[in-house]
Amino acid sequence: MKIIELKNIIEKELNYNFISELSVDEYRKFIYNFFKILSSYKEQGIKKEDIEDFINKLYTSESSHFKGNIIGEDMFSFITEEIVNFCPSPFFWNISLEEYMQKWEKIYFPSLSQ
């Protein structure tokens with residue numbers, strides 16, 4: 001396990017060109033797969049503090065590209081906030097990733113989860 005590996009994965013996935021091209025359905029799949037990656041790194045000992053500054057800098061550098069793309073900006077903001085909080089989802093709650101995704105969809109896509 002190396003922090004640099006995780007940073008490379010995050011940097012590759014969290015950029016304007018990638019996020020802005022995702023449909024809502026693709027984004028939901030992306031979130032699920034991305035949280036699985038984060039979960040495996042957390043199990044190997046990565047902590048929030050190990051990536052927090054990196055995520056904040058990435059957010060600052062990429063967020064300006066989303067001006068005028070409200071959906072893309074919302075998706076990008078959500079995932080970076082979740083990572084900065086180190087996904088207080090499957091990691092700190094005693095629920096499965098599937099249960100977390102159901103909760104996540106009710107919050108961010110209420111019309112789809114009815």
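# A conversation about a helical chain

Reader: Where is N17 found?

Author: N17 lies in helix α2. Please keep in mind that the model is predicted.

Reader: Is N17 buried or exposed?

Author: N17 is exposed, because its relative accessible area is 58% and a residue counts as exposed over 50%.

Reader: How many residues apart along the chain are N17 and E62, and what separates their C-alpha atoms?

Author: N17 and E62 are 45 residues apart along the chain, and 9.5 Å separates their C-alpha atoms.

Reader: And E62, which helix has it, and what else is buried there?

Author: E62 belongs to α4 and is one of the buried residues of that helix.

Reader: What covers the buried residues of α4?

Author: The cover includes α1, α2, which spans residues 16-19, and α5.

Reader: Let me step back. How many helices and strands does the protein chain have?

Author: The protein chain has six helices and zero strands. Read from the N terminus, the order of elements is α-α-α-α-α-α.

Reader: What share of the residues counts as buried?

Author: The protein chain has 114 residues, and 40% of them count as buried. The accessible surface is about 6800 Å², and carbon and sulfur atoms contribute 50% of that surface.

Reader: What about contacts between residues 24 or more positions apart?

Author: Among contacts with a separation of 6 or more, 75% join residues 24 or more positions apart.

Reader: Back to α1 and α4, then. At what angle do they pack?

Author: Helix α1, residues 3-13, and helix α4, residues 48-63, pack at about 25°, and their axes are 11 Å apart. The two helices are therefore roughly parallel to each other, since angles under 35 degrees count as such. The crossing of α1 past α4 is right-handed.

Reader: Which residues make that contact?

Author: From α1 come I3, L6, K7, I10 and E11, and from α4 come D50, I51, F54, I55 and L58. By class, seven residues of this contact are nonpolar, none is polar and three are charged.

Reader: How do α1 and α3 pack?

Author: Their angle is about 170°, with axes 11 Å apart. That makes α1 roughly antiparallel to α3. On the α1 side the contact involves E5, L6, I9, I10 and E13, while α3 supplies F30, F34, I37, L38 and Y41. Eight of the contact residues are nonpolar, no residue is polar and two are charged.

Reader: Why might residues three or four places apart point the same way?

Author: An α-helix has 3.6 residues a turn, so residues at that spacing point the same way.

Reader: New topic: how do α3 and α5 pack?

Author: Helix α3 covers residues 24-43 and helix α5 covers residues 70-84; they pack at about 15°, with axes 12 Å apart. These helices are therefore roughly parallel to each other, and α3 passes α5 in a right-handed crossing.

Reader: Which residues make the contact there?

Author: The contact is formed by Y27, F30, I31, F34, F35 and L38 of α3 together with M75, F78, I79, E82 and I83 of α5. Ten of these residues are nonpolar, none is polar and one is charged.

Reader: One more residue: where is the place of L22?

Author: L22 sits in the loop between α2 and α3.

Reader: Is L22 buried or exposed?

Author: L22 is buried, because its relative accessible area is 16% and buried means under 20%.

Reader: What does L22 touch?

Author: Leaving out residues up to four places away in sequence, L22 touches Y27, F30 and M75. Y27 and F30 are among the α3 residues in the contact with α5, and M75 is among those of α5.

Reader: How many residues apart are L22 and G72 in sequence?

Author: L22 and G72 are 50 residues apart in sequence, and their C-alpha atoms are 8.1 Å apart in space.

Methods. Residues are numbered from 1 along each chain as its sequence is written. This is a predicted model: local features need pLDDT of at least 70, side-chain atom pairs count only at pLDDT 80 or more; totals for chains, interfaces and linings use all residues. Side-chain values use heavy atoms; hydrogens and water are left out. Helices (H or I, at least four residues) and strands (E, at least two) are DSSP runs, numbered from the N terminus. Buried means under 20% relative accessible area, exposed over 50%, partly exposed in between (1.4 Å probe, protein chains only). Contact means heavy atoms within 4.5 Å. Accessible areas come from the Shrake-Rupley method with a 1.4 Å probe; for residues, only the protein chains shown count as cover. Axes are lines fitted to C-alpha atoms, for helices over the stretch in contact, and angles run from 0 to 180 degrees between N-to-C directions. Angles under 35 degrees count as roughly parallel, over 145 as roughly antiparallel, 65 to 115 as roughly perpendicular and the rest as oblique. A crossing is left-handed if the near helix is turned anticlockwise from the far one by less than a right angle, and right-handed if clockwise. Ala, Val, Leu, Ile, Met, Phe, Trp, Tyr, Cys and Pro count as nonpolar, Asp, Glu, Lys and Arg as charged, and the others, Gly among them, as polar.
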